[in-house]
Amino acid sequence: MKILHTADWHLGKRLDRFSRMEEQILVMEEIIGIANEEQADLILVAGDLFDNFNPGVEAVELFYKTLKRLSLNGKRPVIAISGNHDSPSLINAPDPLARECGIILIGHPKAEITPFGTEYFNITNSKAGFIELKIKGVDFPVRILHTPFANEIRLKEYFGENKEEEINKVLAETWKNLADQFCDDSGINLLTAHLYMNKRGAEILEEPEGEKPIKIGNADLIFSDSIPEQIQYTALGHLHSFQNIGTKEKPVIYSSSPLCYSFSEAGQTKYVSIIDAEPGKAVTYEKKALKKGRALVRKTFSSVEDTVQWMGENPNTFIELTLESETFLTADERRLIYQSHNGIVHLIPKVKNRELSEEQSHEINLNQNIDILFKDYFKTKNGGQEANEELMNLFNEILNA
């Protein structure tokens with residue numbers, strides 16, 4: 001059977017003052033197209049479905065429409081879990097209606113899904129944190145251990161964590177008990193979770209810039225060796241770059257976000273993961289690149305002319321622009337730069353430092369005119385750079401307000 005794994009949609013997310021909704025509509029369309037082209041039998045969405053607990057109407061509408069189309073109007077099961085950006089209650093709310101479309105929404109850790117069936121698949125077994133599916137046209141059952149985002153408070157509530165125990169131990173024990181009870185070689189065995197996971201002893205993976213962090217110290221760090229040996233593929237969400245922190249034989253995959261959502265992701269290619277699986281054998285997977293959306297670019301220039309030329313040649317981008325120069329940008333230069341491109345998120349003027357010689361160092365006479373004092377202060381703080389006329393006019397405007 002084939003499985004499509006995606007995560008970290010962050011529907012409704014903005015980049016500073018810029019909406020990403022048009023790009024999200026396009027990339028959701030692209031994911032649907034890949035699922036259909038690959039003839040996926042099952043879709044897994046591993047959390048951070050929305051960007052915040054109270055998403056806007058457009059984001060919610062896009063979410064429901066995308067899931068319905070991914071499910072082929074009920075013919076293909078879609079399982080979506082909540083992440084640390086999601087409200088578990090909001091994710092759970094439409095579940096009765098979603099089931100009619102073949103969609104299983106799981107908001108809370110250790111949730112127990114009431115068994116139900118459609119014309120195309122049935123939940124044949126269910127326990128807290130576990131479901132088993134029988135899909136029409138697939139000759140074996142699919143077992144899925146599911147763990148939506150579980151912070152320390154939720155783990156204590158749902159798993160009865162003792163104060164002295166680590167979250168890692170609680171999850172490892174829970175997963176092992178479920179796998180030992182339900183997962184054997186007669187079916188496909190999967191785990192989907194939204195959390196911060198890493199290999200034991202490996203370099204710490206960076207969480208996405210601007211994200212709500214999960215890992216605080218090492219309290220919420222889950223090690224990949226907590227995954228039961230029966231699990232053939234682990235579908236993770238939270239980190240925004242595609243990576244396998246497991247092995248080739250037993251992949252543990254962060255599938256990546258569908259768009260670059262911060263400049264720390266600039267230049268990254270985004271993916272979905274397509275898994276080929278059968279009972280009792282190692283899975284194979286392929287990462288399918290997503291091509292929709294505007295690229296995020298960090299660029300540094302030393303002249304306004306070069307800046308304007310590059311931006312004219314690269315219109316479909318969001319830019320974090322650093323401009324190094326001998327003097328501060330004038331109002332006309334700023335205006336020219338912003339008029340040349342509609343995707344400038346940050347403009348960072350950087351005046352090249354010029355060290356003061358010993359002869360230039362002198363004591364400041366506080367009895368001087370305040371204009372002279374300000375010029376002296378500005379020059380000292382900016383490597384010898386003189387305050388220009390525009391800056392002095394602004395200083396005097398503030399002074400006389």
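Colleague: What are the ground rules here?
Modeller: The model is predicted, so local features need pLDDT of at least 70 and side-chain atom pairs count only at pLDDT 80 or more, while totals for chains, interfaces and linings use all residues. Residues are numbered from 1 along each chain as its sequence is written, and side-chain values use heavy atoms, with hydrogens and water left out.

Colleague: At what angle do helix 1 and helix 2 pack?
Modeller: Helix 1 (residues 21-37) and helix 2 (residues 57-70) pack at about 10 degrees, with their axes 10 Å apart. That makes the two roughly parallel, a label for angles under 35 degrees, with over 145 roughly antiparallel, 65 to 115 roughly perpendicular and the rest oblique. Axes are lines fitted to C-alpha atoms, for helices over the stretch in contact, and angles run from 0 to 180 degrees between N-to-C directions. Helices (H or I, at least four residues) and strands (E, at least two) are DSSP runs, numbered from the N terminus.

Colleague: Which residues of helix 1 meet helix 2?
Modeller: Met-21, Gln-24, Ile-25, Met-28, Glu-29, Ile-31, Ile-32 and Ala-35 do, against Glu-58, Ala-59, Leu-62, Thr-66, Arg-69 and Leu-70 in helix 2. Contact means heavy atoms within 4.5 Å.

Colleague: Which residues touch the most other members of the largest nonpolar core?
Modeller: Leu-4, Trp-9, Leu-67 and Leu-70, out of 32 residues. Such a core is a set of buried Ala, Val, Leu, Ile, Met, Phe, Trp, Tyr and Cys residues joined through side-chain atoms within 4.5 Å. Helix 1 gives the largest share, seven residues.

Colleague: What does Leu-4 touch?
Modeller: Leaving aside neighbours within four places in sequence, the contacts of Leu-4 include Ile-31, Ile-34, Ala-35, Leu-44 and Val-272. Apart from this core lies another of 30 residues, among them Leu-133, Tyr-233, Phe-242 and Ala-277.

Colleague: Changing topic, is Arg-99 buried or exposed?
Modeller: Arg-99 is buried, at a relative accessible area of 18%. Buried means under 20%, exposed over 50% and partly exposed in between (1.4 Å probe, protein chains only). Arg-99 is in helix 4 (residues 95-100) and touches Thr-114, Phe-116 and Thr-118, not counting residues up to four places away in sequence.

Colleague: On to sheets. What is the strand order in the open sheet of seven strands?
Modeller: The order is 7-8-9-10-13-15-14, with mixed pairing. Two strands pair if DSSP finds at least two bridges between them. Strand 7 (121-127) and strand 14 (243-244) are at the edges, each with a single partner strand, so one side of each has no neighbour in the sheet.

Colleague: How many bridges join strand 7 and strand 8?
Modeller: Six, in the antiparallel sense, with strand 8 at residues 130-135. Ser-126 stands opposite Ile-131 in strand 8.

Colleague: Which strands does helix 6 lie across?
Modeller: Helix 6 (residues 167-182) lies across strand 7, strand 8, strand 9 (142-147) and strand 10 (188-194), at about 165 degrees to strand 9.

Colleague: And the open sheet of three strands, what is its order?
Modeller: That sheet runs 18-19-20, with parallel pairing. Strand 18 (295-301) and strand 20 (344-351) are the edge strands, each pairing on one side only. The twist averages 10 degrees from one strand to the next.

Colleague: How many bridges between strand 18 and strand 19?
Modeller: Seven, with strand 19 at residues 317-325. The bridge partner of Arg-298 in strand 19 is Glu-320.
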